[in-house]
Amino acid sequence: MIDRARLCVVLAGLALGCGTLRGADKAPVAKVVLPAAKPEAKVQFEDGLRLMHEGPRSWERARAAFARATDLDSKLYEAWHNRGIVDLRMGKLDDARDELERAFDIQPGSRATLVALCEVLRRLDRHTEAQKLLRKRLDVMPDDVELRLRYIQALREGGKSQDALDEVRVILAKDSKSAVAFNALGLVYLKMEKPALAESALRRAADLDPKNASVHNNLGLVALAQGRDQEAFAEFQKAADLDPKDAEARLNKAVVFMDCGDYKKAMVDLAKAAEISPTDPDVHVALGVAARGLKDFARARKAYERALDLRPDYAPALFNLAVLYMDFEPDKNKARENLILFRKVAAANDPRRPDALARLKELK
C-alpha cells in the first residue's frame with residue numbers, strides 16, 4: 001500500500017524554460033558572458049522551444065531538437081537548460097540532472113537552472129546535494145524567500161528538521177505575517193511528529209492566505225495523520241477546488257477513498273492526478289493499488305511498471321508489484337525478484353521491510 005499521507009509538497013513553481021536566447025533568466029548573481037549562439041544551433045533551439053510549449057505530445061520531439069542544438073553548439077546554455085526541463089517533465093530524472101548540471105556549469109549564475117536542478121535532486125532523493133547548492137546561493141542572496149523555502153524543504157526531506165526549523169524562523173524574523181513561512185513551519189512540525197504545532201502553524205497560514213491550496217492540502221495531511229479522515233477529505237477537496245491543477249490534493253483525496261475501500265471513487269481523482277502530473281510515480285503506484293482493489297490486476301501491473309519506468313529503484317512500486325505477483329497473479333520468481341530489489345533500495349526505516357522479509361521467507 002502507498003503511504004497514508006505524503007508529507008512533501010512543491011512549495012513554489014518550477015522554471016519552465018528560457019523564453020528567448022540570452023538574458024531570459026534575471027537574477028542578482030553575476031552571469032557568465034557567453035558567445036553568440038551558432039546560427040544553425042539557434043534554429044534547432046527555437047524549434048525545440050516551439051515544440052516544448054505545444055504540450056506533452058510534442059515533448060519527445062522538443063527534446064530531440066534541443067539535443068541537436070547542443071550537438072551543434074555545446075556551449076548553448078539555453079538548450080541544455082531546456083533539455084533538462086523537458087526530461088524533468090517526462091520523468092527522465094537522471095538525464096535531466098546531467099543536462100541541468102551541464103547548463104549550470106556553463107552559466108552558474110542562473111537562478112532558473114538552480115531551481116530546476118534542485119527539483120530534480122529532490123525527486124531523486126539527493127537532498128544533501130540540493131542543500132549544498134541552495135545554501136551557497138542563499139549566502140549571496142539571503143533575501144530570496146523562494147530559495148529559502150526550497151532550502152527548508154531540502155532540509156526537511158533530508159531529515160534535518162531542526163535546521164529546517166531554524167531557517168523558517170529566519171523568514172518569520174523578517175516577516176511575521178508570511179503565510180508561506182507558516183506553511184513551511186507546519187510541514188516541519190509534521191515531519192517532527194508534532195501534529196498539534198503543525199496544525200497551529202497551518203491555521204495561521206490559512207488565516208493569512210485563505211485561498212492558498214497548498215495550505216489546505218497540508219491541513220488535510222495533519223488531519224489524516226491524526227485519524228480525522230472526514231476533515232482531511234474536506235481540506236483536500238478545498239485544495240482541489242482552489243487549484244484544479246493540484247495533483248497532490250487529488251492524490252490525497254484518493255488515499256482517503258482507498259482507506260474507506262471505495263476504489264471506484266479513488267480512481268476518479270487518480271485519473272485527474274495522472275493528467276496533471278503524468279510523471280509522478282506516486283500517482284501510478286496509487287493507480288495500481290486502486291486497480292488491484294477493483295480486481296483489475298492487469299491494469300494494476302501496468303501502473304506499477306509505469307512507476308518503475310519513471311523511477312527504476314522506486315521502493316513502493318517494487319513492493320506492490322511483488323505483492324501482486326505473490327497474492328493476485330501468482331508468479332513466485334517475479335515476486336521474489338521484486339522483493340529482493342525492494343530490500344536493496346528501501347530505506348532502513350521503511351515500514352514495509354518486515355512484511356517483505358516475511359514474504360521472502362515464505363517464498364523459499
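User: Leaving aside its neighbours within four places in sequence, which residues is Asp 144 in contact with?
Analyst: The model is a predicted one, and contact here means heavy atoms within 4.5 Å. Asp 144 sits in the loop between α6 (127-140) and α7 (145-157). Once the neighbours within four places in sequence are set aside, the residues in contact with Asp 144 are Arg 111 and Leu 138.

User: Is Asp 144 buried or exposed, and what is its relative accessible area?
Analyst: A residue counts as buried when its relative accessible area is under 20%. Asp 144 falls below that cut-off and is therefore buried, with a relative accessible area of 13%.

User: With which side chain does the side chain of Asp 144 make a polar contact?
Analyst: The side chain of Asp 144 reaches a backbone atom, the nitrogen of Glu 146, at 3.3 Å, and this approach is found at the start of α7. Its polar contact with another side chain, at 2.8 Å, is made with Arg 111.

User: How many of the residues of α7 are buried, and which helices do they pack against?
Analyst: The helix α7 has 13 residues, and its first and last C-alpha atoms are 18 Å apart, close to the 18 Å expected at 1.5 Å a residue. Just after α7, Gly 159 takes a positive phi of about 85°. The helix is mostly covered, with 11 of its 13 residues buried, among them Leu 149, Tyr 151, Ile 152 and Leu 155. The helices that these buried residues pack against are α5, α6, α8 (161-174) and α9 (179-191).

User: Which helices each supply at least two residues of the lining of the largest cavity?
Analyst: A search of the whole structure finds one cavity of 30 Å³ or more, and the largest cavity holds about 60 Å³ of space. Its lining includes Cys 118, His 127, Leu 134, Arg 150 and Gln 153, and the lining as a whole divides into four nonpolar, two polar and three charged residues. The helices that each supply at least two of the lining residues are α5 (111-123), α6 and α7.

User: Which element gives the largest share of the lining of the second largest pocket?
Analyst: The second largest pocket has a volume of about 250 Å³, and of its 15 lining residues those nearest the centre are Leu 93, Asp 94, Leu 310, Arg 311 and Pro 312. The largest share, four residues, comes from α4.

User: How many nonpolar, polar and charged residues are in the lining of the second largest pocket?
Analyst: In this division Asp, Glu, Lys and Arg count as charged, whereas Gly is placed among the polar residues. On that basis the lining of the second largest pocket divides into five nonpolar, one polar and nine charged.

User: Which residue, with a positive phi, follows α13?
Analyst: At the start of α13, a side-chain oxygen of Asp 246 reaches to within 3.1 Å of the backbone nitrogen of Glu 248. After the helix, phi is positive, near 80°, at Gly 261.

User: What covers the buried residues of α15?
Analyst: At the start of α15, a side-chain oxygen of Asp 280 reaches to within 2.9 Å of the backbone nitrogen of Asp 282, and α15 is followed by Lys 295, whose phi is positive, near 65°. Since 12 of the 13 residues of α15 are buried, the helix is largely enclosed by the rest of the structure, and His 284, Leu 287 and Arg 292 are among those buried residues. Their cover includes α13, α14, α16 and α17 (315-328).

Key:
Residues are numbered from 1 along each chain as its sequence is written. This is a predicted model: local features need pLDDT of at least 70, side-chain atom pairs count only at pLDDT 80 or more; totals for chains, interfaces and linings use all residues. Side-chain values use heavy atoms; hydrogens and water are left out. On a 1 Å grid over the protein atoms alone, a cavity is a set of points where a 1.4 Å probe fits but cannot get out, and a pocket is an open set with protein on both sides within 12 Å along at least five of seven lines; lining residues have an atom within 4 Å of a point. Grid points are joined across faces, edges and corners, and a volume is the space filled by probe spheres set on the points. A polar contact is a pair of N or O atoms within 3.5 Å; within protein, one must be able to donate a hydrogen and the other to accept it, and residues adjacent in sequence count only if both atoms are side-chain atoms. Buried means under 20% relative accessible area, exposed over 50%, partly exposed in between (1.4 Å probe, protein chains only). The expected span of a helix is 1.5 Å times one less than its number of residues.
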